[in-house]
Amino acid sequence: MSLEQTSSSHQFKFTGNAKEWFGVWIVNLLLSIVTIGIYSAWAKARTKKYFYGNTHVDGRNFDYHATGGQILKGRLIVIAAVVVFQIVVALMPILGIILLIALVIFYPWLLTRAMMFNARLSSFSNVRFNFVGTYWEAFKVFFIYPILCLLTLYTTFPILDRAMKRFSIDNHRLGTAEFGMSAPIGAFYKAAGLALLWIVAVFAIAALTTGLSLTAFGEATMALENDPASAIAVIAAFYFVFFLGFIPAGVIYQALTRNAVYNGTFLQGGHRLRSNVSALQLFWIAVSNLVVVVCTLGLMLPWAQIRTARYLADHTGVELGSSLDEFIGVQQEATSALGDAYADIEGIDVGLPI
Amino acid sequence: MSDPFSLTGYVYLRGSSRRTDARLDSAQHDGLAWVRIIATDEEELARSPVSEVQIDAALGRTPRKLTFADGTVFETSDHAGFAQLDGNSRGARLHRLERFGPHLIGFTFACLAGAYLLWRYGLDILAAMAVAMTPAVVVEQIDRGTLQTIDYVMAEPSRLNEAEKDRARVIYERVIAVLPEEERNARDFTLLFRDMPSVGPNAFALPSGTMVMTDDLIRSFANENVIAGILGHEIGHVVEEHGLRRLYRSLGAYILVALLAGDTGPLMEDLLLEGNALLALSYGRKQETSADEFGLTLSHRAGYDPGGLKQLFEELSDMMGDDIQWMSSHPSHENRIKAIDTFIDGLPVR
């Protein structure tokens, strides 16, 4: 079911298609391989520009403005730092620990810089986004909250998760217009509860029907040498149940919180975001994408990416409180790509809250 | 581009999201190509030579964009018309390469071949370059740092008596002596003894030439051919720079996966990193085989029976069975023994 389209309510529209994106993707990949990874900076800029440029609201699209040169500069600095760090750890483990502490202190700064870079180089309808999160806010969200979460044996994980999403959304701006997020904490707990329920149910059913247990798994690992065939069968069955339990649980949690977060997000000017993704459909997309991509040695990856983007756009919308003509950009300074490059290499996602 | 033409689209003023219908007119003037933006009421909103506007390269069917120096933006979906402005630019050539067509089949094969070559040779070349660029002082410091850590964490001073140590030292000197002179001078070869009950009969080499043998090893093997084979093997690791190469290679592979894979999604990125870890293990096994061959040649030249290394693996196999950990980063004893037999057959008669 797509979101309804009325005069004030607009569904996001994704106009990219798999054939066209395959061409861009394969050329990106080829040039990146030929240049031993150097072109990947330009490939990243082109990838983001393609997906942003093909996402429309009310006939206006998003855009991404970073250049490959900017991204490459950030990446070279981060790679040099990573190499030096690794060598220092090998050389003088004590100094390595000091560097690790320095990185921990530096981490919130890198993350806010990454979000700032990403926001300032993204635009909607000719107006640039901005990110105004501070170091201390980030420090609180990425260190204090996780420690509290650990101390409470993960029972406060939904609070931590909401705090992280709030940190990202509340600090984003479109020009001068502020974003805000007021999703109720109950929605996060409900999502976590349902995910947990799923895991418990899957393991209970597996234990009752097949007698699979942790002891059986342990024994199978021990028996690997003597009786590999049946041991591997037990281990495979265990992993199957594990994946059947945890991956769908992750998808359930993500789908439910995404809906809560979007439906609780507003943008100055009376605009409200909407989302109605379904956990079942998201799970089906994730699993079928994985199977197709693996079976085609990665060649269907562009198709999988387009399919995901289209599904998400089809189930995301915005209720406009006023005209989209009213946003005003602000003069902002350039940000270095350092944090962004760090996030890339560590695989941290710092996308826009859209 | 000599004929004047017009394109319809939208205009945005600097820093504003207000979008209004507009037209772009292009014409030649004094030998220069100019563009003007005209509002629906025929008012001129911007004007500039084409050479002074910023044109975003074409990308799929996303709207084309042209930005004037004052921040005015013109946007159109008339792709064919817009191509008259930048049809010969680098961006347009890239765009033509990306178009869906039979040439992409060739690109796909080139990617597969390129990825294979990069993994098979490219990473090694990069690692070798990085090793060559690493100053000798740094390598020596790795030896010192690692040894300190080992002494602190798991090693005790050796309990061997001088006679036992001397027996190993004599073999060590004989094996080192047949190493080419420049290899010997390039590194600081030293032999150390440690009591490390937790690792059993073992020996390891550090990149700058420090070699450590455990007490268990010396006591377990009375046959000097075995000791010679092990020392030759460890010297092989040092001379062929295996430690540093492996460090740089795994670092390079990790960075490449992170950069090339891009937005593969969480499940697929895990898969790639797991695959990478498996491939790194197979790389480690190749290094072990290579060090075996180096050690066999060296101990053979020093006058020992290269069969000693084979005897080691036969005894290890009996002592420890098929240890899973040993198997993962090293080839199995059985395979090593087979490979050693084949290699010994090919050695020149002394």
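Let's begin with a pair of strands in chain A: strand β10 (residues 271-275) and β11(A) pair in the antiparallel sense, joined by four bridges. Strands pair if DSSP finds at least two bridges between them; the strands themselves (E, at least two residues) and the helices (H or I, at least four) are DSSP runs, numbered from the N terminus. This is a predicted model, in which local features need pLDDT of at least 70 and side-chain atom pairs count only at pLDDT 80 or more, while totals for chains, interfaces and linings use all residues. Residues are numbered from 1 along each chain as its sequence is written, and chains are lettered from A and ligands numbered from 1 in the order in which they are written.

Now move along to helix α1 (residues 18-34) of chain A. Its 17 residues reach 24 Å from first C-alpha to last, close to the 24 Å expected at 1.5 Å a residue (1.5 Å times one less than the number of residues).

Another helix of chain A, α5 (residues 135-151), holds Leu148(A). Because Leu148(A) has 13 C-beta neighbours inside 10 Å, this residue counts as partly exposed.

Next, see where the chains meet. The contact takes 53 residues from chain A and 44 from chain B (C-beta atoms, placed from the backbone, within 7 Å). On the side of chain B that touches chain A, α3(B) gives the largest share, nine residues.

Finally, find helix α3 (residues 68-91) of chain A beside α4(B): their axes come within 7 Å and cross at roughly 45 degrees (lines fitted to C-alpha atoms over the stretch in contact, with angles from 0 to 180 degrees between N-to-C directions). The two helices are therefore oblique to each other (under 35 degrees is roughly parallel, over 145 roughly antiparallel, 65 to 115 roughly perpendicular, and the rest oblique). Ile87(A), Ala90(A) and Leu91(A) meet Val138(B), Gln141(B), Ile142(B) and Gly145(B) there.

Conventions:
Two residues are in contact if their C-beta atoms, placed from the backbone, lie within 7 Å. A residue is buried if 20 or more other C-beta atoms lie within 10 Å of its own, exposed if 12 or fewer, and partly exposed in between; C-beta atoms are placed from the backbone.
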